[in-house]
Amino acid sequence: MEKFFNVNIVDSLALTLPERAVFSRLGRNRFLSDISNIEESRIKLLMNQAFAAVHPRGCWRLLKIARKSNETVTLDNGIELKSAAFAGFVRLADYLWIGGVSIGSGIAELMEKYSDNMSKSVIFDAVGSECADEALGNLQKISAGTLMRYNLVLDKARFSPGYGNLSLTVQRDIFNLLPMHQLGVSLTESCIMVPEKSVTAFAVVNKLTV
Amino acid sequence: MMKRGEFIIFCNRLTVVLDGATGTELIKQGMPAGVCPELWVLEHPESITAVQQAYAASGSHIVYTPTFGGNAVKLAEFGLADRAFEINKKLAEISCAAVHPLGVKVFGDIAPTGKFVEPSGDWAFEDAVNVFKAQAEALAAGGVDGFVIETMMDLQEARAALIAVREVAPEAPVMVTMTFDSSQRTLTGVTPEAALVTLQSLGADAFGCNCSTGPADMTKVIAALAPIAEIPLIAKPNAGLPMLKDGKTVFNMDAKMFANCMDDLFAAGANLVGGCCGTTPEHIAGVTERARVNRHRHIRGCADGIIAGSRKVERLAFDKNFVVIGERINPTGKKALQAELREGSTALALQYALEQTGAGAKILDVNMGMPGVDETALMEKTILQLARAVDVPLCIDSTSPEVVEKALRIYPGRALLNSISLEKERIEKVLPIAAKYGAMLILLPLGDNGLPENCQERIINLHRLFLEVAKYNYARKDVAVDALIMAVSAAPDAGNAALEFIDYCHNNLKVNTVCGLSNISFGLPNRMLVNRTFLTMAMTRGLNMAIANPMNEDFMNSIDAVEALNTHDEKMKNYLAKQSCSAPTAAPAAVADPAQTAYNAVLHGDAALAVKAVKNVLEKGDTAPRKLLDEYLLKAIAEVGGKFEKKQYFLPQLLAGAEALQAAIKELEGALAGDNEDKIKPEKFIIATVKGDIHDIGKNITALMLRNSGFEVIDLGKDVPAEVIVERALKENCRIIGLSALMTTTMTEMSKVIELARERNCQAHFIAGGAVVDEKFAESINAAYASDAMMCVRVARELLQK
């Protein structure tokens with residue numbers, strides 16, 4: 001089990017185009033939308049053009065928790081994660097799972113190339129965002145399957161910096177915990193990941209009693 | 001080793017009980033955390049002997065070898081890849097020694113590598129096959145009775161493993177189980193039905209699911225599979241779901257609760273049952289008890305032929321719904337496609353695929369045959385590309401056995417093969433390949449002597465073909481007979497001969513019939529009219545599939561009408577839904593009035609058509625430029641906006657409309673310059689993403705909509721310091737500024753911009769927007785709030801009227 005406290009890199013992460021989620025992100029209403037077959041095919045084609053530029057990679061590890069209070073979670077390496085909502089989220093956790101994915105810079109390059117065409121850019125952007133989210137979900141499912149073999153249960157819920165008062169500056173700690181740079185991701189001064197379509201999140205891990 | 005036939009008899013005779021969790025039981029036997037389980041068991045053989053004998057005592061008929069992580073990729077994580085053969089062989093031997101004396105069978109366990117095979121990932125398919133072959137060879141050498149490929153998350157990896165085992169041990173029984181989550185999909189979005197159809201046609205002897213869910217969710221999967229399964233079904237659920245009890249995480253089903261759920265699984269159709277995570281020998285003892293009192297499902301199979309795409313299935317029934325096989329992915333006669341394919345690009349093939357499925361094709365014919373290209377490589381590339389992009393099954397269309405083999409081997413579904421005839425090469429080379437990969441067949445009643453002249457010759461050839469394909473266990477439901485349509489311009493009676501043959505196949509043989517429709521009209525004017533008319537005639541005689549171009553709306557409407565009239569379309573639901581629908585099925589073509597065309601072009605977001613229409617208006621000169629702008633173009637964009645507000649249009653449509661308008665106005669600018677009407681100077685609007693933030697898609701959309709609404713937008717870009725924004729606003733004497741931020745760490749920069757503006761005596765209105773900004777925050781920094789681009793336009797107008 002100790003190996004899970006080291007970093008695991010998944011170089012080729014399985015992903016299918018989350019078509020429905022992309023349409024939904026773009027505001028398509030299944031019942032009200034008025035769209036021709038040709039127009040729908042055109043949008044799907046652009047989605048696939050964007051999807052071809054998606055190369056998801058991910059990394060994850062487990063973290064040991066040293067202390068928990070109502071406001072702060074302290075990891076065994078001294079990192080403090082301050083947020084009441086986050087502390088509540090991990091209240092019953094035995095360990096924390098931290099995962100990060102990036103879909104690469106392909107989408108950003110496409111958007112740059114078509115920067116004067118907003119109707120294309122917005123589709124590329126939506127594909128990138130949904131693929132990053134889906135890829136993180138898949139990384140979590142793959143981790144869950146692996147951990148279950150060792151009687152560790154990884155919860156489905158995720159918690160990301162920037163939400164629930166967990167400051168986005170926590171990304172700096174995450175970048176110390178995960179080799180995001182190996183996935184080609186860097187962090188700006190204002191804690192924004194570049195390429196933009198990169199995601200990190202925590203999840204709860206519990207020991208299974210057998 | 002068992003034979004496949006023996007396994008089927010074994011499964012028919014009784015409800016087969018499998019084992020439960022192994023890892024948990026090994027921990028109870030003292031396996032420490034963090035070790036390589038396979039190596040630890042090898043060093044402590046008594047542990048697995050105890051676990052397997054406990055399962056045998058609980059009633060298991062089959063136990064799995066402890067080789068879940070025994071493939072070379074997994075063993076490499078522990079530096080043991082070079083010992084893969086030795087480890088697998090010895091673990092198989094230990095397992096056989098443990099339970100063979102008790103009359104229990106041992107199946108060699110093969111599980112995921114953790115890598116993803118193309119097209120889901122980028123691991124080469126043949127590399128995956130080789131890894132699994134090596135493990136299967138070792139397990140076979142260790143004396144296993146059969147194989148189980150389990151806990152597969154990706155259908156293509158399961159296919160690689162199954163092909164590997166089949167090539168190592170063609171006569172051995174192989175069970176395959178995949179994991180489906182509570183939405184009944186694999187990690188890569190494959191339905192249980194698509195996985196079953198693909199794997200049973202590829203030679204799996206039993207199929208089902210294990211892990212991820214408890215018995216209740218698994219019962220739903222088994223119930224969905226039972227009506228189409230031609231092989232026994234397996235269920236190996238977890239002991240419910242993990243839950244917290246007295247401060248400890250445990251599975252929520254004890255042995256009794258678990259056993260009580262088995263009745264539902266048996267009723268749904270499970271033939272082989274065991275347990276996965278959290279189950280113990282006690283759980284399996286409960287399963288055994290329920291298995292003794294429940295009758296297992298009798299395997300009937302499905303009356304229809306079923307093929308599978310990468311994620312879903314298509315039923316082909318001779319007397320049910322008509323299926324169009326899209327014909328366009330074929331370079332013959334298509335110069336643009338030929339040029340693209342020669343360049344190695346499959347973009348146009350993908351476009352044709354999406355357009356055809358959008359127009360109603362249920363299967364896509366893929367033909368890559370043309371001179372001067374590597375057809376095998378091109379076919380492989382296209383198939384992988386299409387498998388990622390479209391769900392529908394593919395029809396592999398090639399005359400080359402090598403191309404057919406490569407295509408069927410790599411395709412992550414069950415394909416239709418076009419075609420098998422009595423020609424020597426097709427029978428001797430292509431048919432065995434098709435059978436190996438389980439493809440459904442199009443039978444072409446063509447003899448070695450060329451085209452049959454009449455219906456009788458076709459019938460004779462067809463019966464000879466039936467005898468040939470029966471040698472490979474093909475049932476009639478697994479073929480579709482090609483009616484061999486020939487041009488009526490060359491042979492006037494060709495249509496009648498084909499109709500007579502279709503009638504015979506449908507009524508006497510009750511098989512699927514298909515035709516390459518466009519052949520009928522070759523050499524004639526108005527070919528589509530002839531095609532459509534002949535199709536209607538053929539459908540009334542029983543034709544249920546056609547290889548055709550679905551992009552013609554009249555053609556597809558004719559099919560819908562026939563289906564409604566012949567009652568295949570129950571209560572005419574499909575016909576009424578399509579023909580009563582207000583949504584256009586195709587984008588608007590140009591109409592006679594170019595001003596109206598310009599209107600339509602903006603409404604449907606077609607920038608090229610909009611520019612062309614404006615040019616036509618200006619050339620014709622019967623509509624004044626100002627009138628074109630005010631009464632057509634601006635009215636069209638207002639309708640686009642209205643449709644967006646009513647959610648009839650969504651974002652790409654709104655933006656396409658806006659871009660079409662911009663293109664049209666640009667074309668019109670010169671003409672408008674000479675317009676004598678008074679012009680109102682546009683209001684300036686400065687827009688920027690604040691310092692530290694690099695997200696600008698929302699800001700760009702807003703800028704576009706503002707421009708279309710008459711504002712002169714000064715877009716300062718992203719990551720813009722407060723000083724730059726304020727200085728520019730003062731310089732331009734701008735009355736309104738829009739600020740965008742997407743992150744909590746950057747939204748605070750907005751207040752700095754506003755504070756600086758006030759310090760410098762800039763009195764401009766501010767509008768704040770972006771994912772993390774809400775009305776309350778905007779109010780707190782003395783800015784107005786806009787949740788989206790359209791709202792920003794509205795708010796800007798309101799603020800300027802103050």
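1. Helices (H or I, at least four residues) and strands (E, at least two) are taken as DSSP runs, numbered from the N terminus. The model is predicted: local features need pLDDT of at least 70, side-chain atom pairs count only at pLDDT 80 or more, and totals for chains, interfaces and linings use all residues. Residues are numbered from 1 along each chain as its sequence is written.

2. Helix α19 (residues 494-509) of chain B contains 16 residues. From first C-alpha to last, α19(B) reaches 21 Å, close to the 22 Å expected at 1.5 Å a residue, where the expectation is 1.5 Å times one less than the number of residues. Just after α19(B), K510(B) adopts a positive phi of about 55°.

3. Among the buried residues of α19(B) are L499(B), F501(B), I502(B), Y504(B) and L509(B); buried denotes under 20% relative accessible area, exposed over 50%, and partly exposed in between (1.4 Å probe, protein chains only). Their cover includes α18 (455-470), β18 (479-482), β19 (512-516) and α20 (527-541) of chain B.

4. L576(B) lies in helix α22 (residues 573-579) of chain B. This leucine counts as partly exposed because its relative accessibility is 44%.

5. In chain B, 5 strands form an open sheet with parallel pairing, in the order β22-β21-β23-β24-β25. Its edge strands, β22 (712-715) and β25 (784-785) of chain B, each pair on one side only; pairing requires at least two DSSP bridges between two strands.

6. Within chain B, strands β23 (residues 736-740) and β24 (residues 765-769) run parallel and are joined by 5 bridges. I737(B) stands opposite F766(B) in β24(B).

Terms used:
Chains are lettered from A and ligands numbered from 1 in the order in which they are written. Side-chain values use heavy atoms; hydrogens and water are left out. Contact means heavy atoms within 4.5 Å.
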